[in-house]
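Here is a friendly briefing to read alongside the sequence and the 3D view.

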Amino acid sequence: MSDEAHDDVHEESPAAGPGLTTGAVARKLGVAPTTLRSWDRRYGIGPAERGDGRHRRWSPADVAMLERMCRLTSLGVPPGEAARRARAPQAEDAAHDPAEVRRELPPAAASEPRPRRPERPAAPTRGTRGRPDPPHGHGTPGGRGALPLGSVRPECRGLANAAVRLDAPALDALLHAAVEEHGLLTAWDEVIMPALRAVGRKWATSGERYVEVEHLMSWHISTLLRRMTAGAPVGEVRQPVLLACAPDETHSLPLEALAAGLTERGLPVRMFGAAVPPDALDEAVRRIGPAAVVLWSQSRVTADRRLARRVQATAWGVRGARQHPALLLAGPGWAGAGRVEGAGRPLSLRAALDTLTALWGALPAGPPG
């Protein structure tokens, strides 16, 4: 019987010796067992001790070396070079440093945009159409546990691989590096959203599996976006942009990206997040007097035309000079909710940013009347 067969047959056997089996390590790292065996045979990234000579058993130090190998290969470093660096402890620090992450990326990935064939504009969270994703285990490094990504930037593949491994430090480093290198818009469209869509597709076809991957990735993306809003303008602020999810809508991540993008452009933002009750939204509009309200809906269930018209009709200011906000209905949920006269329907993050920048730039100087 081969080593591989013994690994699988005796995977849970306590008599096989201390340490983790190849199967257990593969589950921990989110890669295929065959990948670990290949790294062992080709590059010497294997367990320091073999037990009885037949069973691979991985010590904590062995697993740490594998984690470094995974991080480096997810950044696009060739496996042979990644193996050499993984054996050096200092590789751990390099894999967590955004500046080092950018230096590790292949030149084409770090400086050239990935060629994209023309496609119709779509909301940030819609699934993509076109070439189907490759079947699991073919064209998707990592085997059956890998995410169905298709043709994407190396940074996107690295982000997805780190998420499957539940590797929080690598997620942070890769997210920061992508935004610093490409800017928020490109990072969102070509790195972050394709990885999130792949997680969603994997979850939809795997029952309750991979929910933890989506939650971890979403939390780290949200953390990065909220850090970006820390640079909001201070001092006297003209009419801000109010961002809110429809009542019962809990998916706020695309709205957080919009808040970060508006902050990056110097526009004032009031972000209310998920599931804002109608009465609270009315009160916020009256108290703030926003230039525009962006109402996000992820699904048709939460998209409510009556609520949209109610927000659109909310007024503030002195009698004779009453003002109303511009209204933008963002998110795929509004696609099936029917038309709301006078409301904008941006179909991408860039479109929403450009529309709001133009609206705010056209405002008269000074506070609202």
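D248 sits in the loop between β1 (241–245) and α13. In this predicted model, D248 has a positive phi of about 75° although it is not a glycine. With a relative accessible area of 67%, D248 is exposed.

**Other positive phi values**

- A275 is found in the loop between β2 and α14, and its phi, near 50°, is a positive value in a residue other than glycine.
- The relative accessibility of A275 is 33%, so A275 counts as partly exposed, because that class runs between the buried limit of 20% and the exposed limit of 50%.

**The chain as a whole**

- The protein chain has 369 residues, and buried residues make up 48% of them.
- It holds 16 helices and four strands.
- If you look at contacts between residues at least 6 apart in sequence, 71% of them join residues at least 24 apart.
- The accessible surface of the protein chain is about 17,800 Å², and carbon and sulfur atoms account for 53% of that surface.

**Helix α9 and what follows**

- Helix α9 covers residues 154–164, and nine of its eleven residues are buried, so the helix is largely enclosed by the rest of the structure.
- To find the buried positions in α9, look for E155, C156, R157, G158, L159, A160, A162, A163 and V164.
- R165 and D167 join their side chains in a salt bridge, at 3.2 Å from N to O.

- Strand β3 (residues 292–296) pairs with β4 in the parallel sense, over five bridges.
- On the β4 side, A330 is the bridge partner of W296.
- Strand β4 spans residues 326–330 and is mostly covered, with four of its five residues buried.
- Helix α15 runs over residues 305–313, and its buried residues are L307, A308 and V311. Viewed down the axis of α15, the buried residues fall within an arc of 100°, so they line one face of the helix.
- What do the buried residues of α15 pack against? Their partners are α14 (278–288), β3 and β4.
- Turned away from the buried side of α15 is a face that carries the exposed residues R306 and A313.
- At the start of α15, D304 places a side-chain oxygen within 2.9 Å of the backbone nitrogen of R306.

- The structure holds nine salt bridges, including the one between R265 and D354, where the closest N and O atoms are 3.0 Å apart. R265 lies in the loop between α13 (253–264) and β2 (269–271), while D354 lies in helix α16 (residues 349–361), so this pair ties together parts that are 89 residues apart in sequence.
- R265 is partly exposed, with a relative accessible area of 34%, and D354 is partly exposed as well, at 40%.
- R339 and E341 also meet through their side chains in a salt bridge, with an N to O distance of 3.6 Å.
- For a linked set, turn to E81, R84 and R85, which form a network of salt bridges.

**Around T186**

- T186 belongs to helix α11 (residues 184–204).
- The relative accessible area of T186 is 21%, and T186 is partly exposed.
- Which residues does T186 contact, once its neighbours within four places in sequence are left aside? They are R153 and V191.
- In sequence, T186 and R350 are 164 residues apart. In space, their C-alpha atoms are 9.5 Å apart.

Technical notes: Residues numbered from 1 in each chain as written. Predicted model: local features only at pLDDT ≥ 70, side-chain atom pairs only at ≥ 80, totals over all residues. Heavy atoms only, no water. Buried < 20%, exposed > 50% of the residue type's maximum accessible area, 1.4 Å probe, protein only. Helix = DSSP H or I, 4+ residues; strand = E, 2+ residues; numbered from the N terminus. Pairing = 2+ DSSP bridges. Arc of directions from axis to C-beta. Contact = heavy atoms within 4.5 Å. Polar contact = N/O pair within 3.5 Å; in protein donor to acceptor, adjacent residues only side chain to side chain. Salt bridge = Lys/Arg side-chain N within 4 Å of Asp/Glu carboxyl O. Areas by Shrake-Rupley, 256 points an atom, 1.4 Å probe, with all protein chains shown as cover.
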